[in-house]
Amino acid sequence: MFLAGKKVIKSLLLIIILSWTVEFNVPNALAENSLSCPKEMVYIPGGNFRMGSERNDFLEERAVDDVTVDSFCIDSHEVTNEEFSRFVEETGYLTVAERPLSKEQFPDLSEAERKPGSLVFQPPEKGLKEVPYLSWWHWVRGANWQHPYGADSNIEGLKNHPVVHIAYEDAVAYARWAGKQLPTEAQWEYAARGGLQEQEYTWGNEYSAQKANTWQGIFPFFNTKKDGYLGTAPVASFPPNGYGLYDLAGNVWEWTQDWYQVERKSMAHQKNPQGPNQGYDPKKPNDKLVHVIKGGSHLCAPNYCSRYRPAARESQSSDTGTTHIGFRLVM
Ligand SMILES: [Ca+2]
């Protein structure tokens, strides 16, 4: 009896030890994976997801594909002015918006007209009820990441805001310096979905002005600021998604490394798809250098753009930053 009892106790102990091992091994493995990402990044476990949407009003999002991505680390928030400042201080890098326009690309412009600048959003004059499409974008001399609204503006008090007026090559230069890369469209969308499957938004299926920095009111005429912000918001001002990532909807658009085509190349059953071999958007027929940007911005409203959804995508000319385009990186 005593011996048998001893055996039982031994077996029980073994079971307890084994379950201990099991219980503690799993979190350890996860913790190790999380630790392999730098502290400003989040570990995204690889897996399958349904990429794209079947919406008829956004044909470029079609169709829904089963896509697989490997595990990766991604910045928890958009790259901020403070982070970008460190890069510029160390390297002396000059962004595209800070360089004069090239004579080759703009032979008809005078030297004065080719002075550096960038596109700044300006709402139409009060009282107007109709304005031409895209007329809210103004070329402002002296506008760049350090002077978002022109030479007279600055980024004092905006160190935690996303850096803007970032062209594709600026993002790539920063990524090289940081030892990271721009995400592929598939990585970006997988991360944005936060573990949810086929949901409209990063948080679920219901639109909410409190969940992301978007435009409330009728774009471009008035913004009720129901979400508290007219322009960019400090990163992480809104709740994170299921992976603990901030502002994948709204705030600023984010560059991806994929070339843009309206008809998205089928990515069905692909692992780590890289997108098409070249870019083309019929809206910008003379510009073949168009990349996919994701997430929408503070200028996206229910009546215009409404691309604060993981499936949404837009084309952007590589050399054009503007007040509402930034980025985040992966590794
Ligand atoms: Ca964003």
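In this predicted model, strand β7 (residues 253-259) and β11 pair in the parallel sense over two bridges, where strands are DSSP runs of E of at least two residues, numbered from the N terminus, and two strands pair if DSSP finds at least two bridges between them. Within β11, I325 is the residue that stands opposite W253.

**Sheet and fold**
- Both strands belong to an open sheet of four strands, ordered β10-β9-β7-β11 with mixed pairing, and its edge strands, β10 (314-317) and β11 (325-326), each pair on one side only.
- The chain has 11 strands and four helices, the helices being DSSP runs of H or I of at least four residues.

- Of the 331 residues of the chain, 39% count as buried, that is, with 20 or more other C-beta atoms, placed from the backbone, within 10 Å of their own.

**Confidence**
- The average pLDDT (the predictor's confidence in each residue, from 0 to 100) is 90 for the chain, and 89% of the residues score at least 70.
- Over residues 8-30, pLDDT stays under 50. Where pLDDT is low, the predicted coordinates should not be read in detail.

**Conventions**
- Residues are numbered from 1 along each chain as its sequence is written.
- Local features need pLDDT of at least 70 and side-chain atom pairs count only at pLDDT 80 or more, whereas totals for chains, interfaces and linings use all residues.

Conventions. Two residues are in contact if their C-beta atoms, placed from the backbone, lie within 7 Å. A residue is buried if 20 or more other C-beta atoms lie within 10 Å of its own, exposed if 12 or fewer, and partly exposed in between; C-beta atoms are placed from the backbone.
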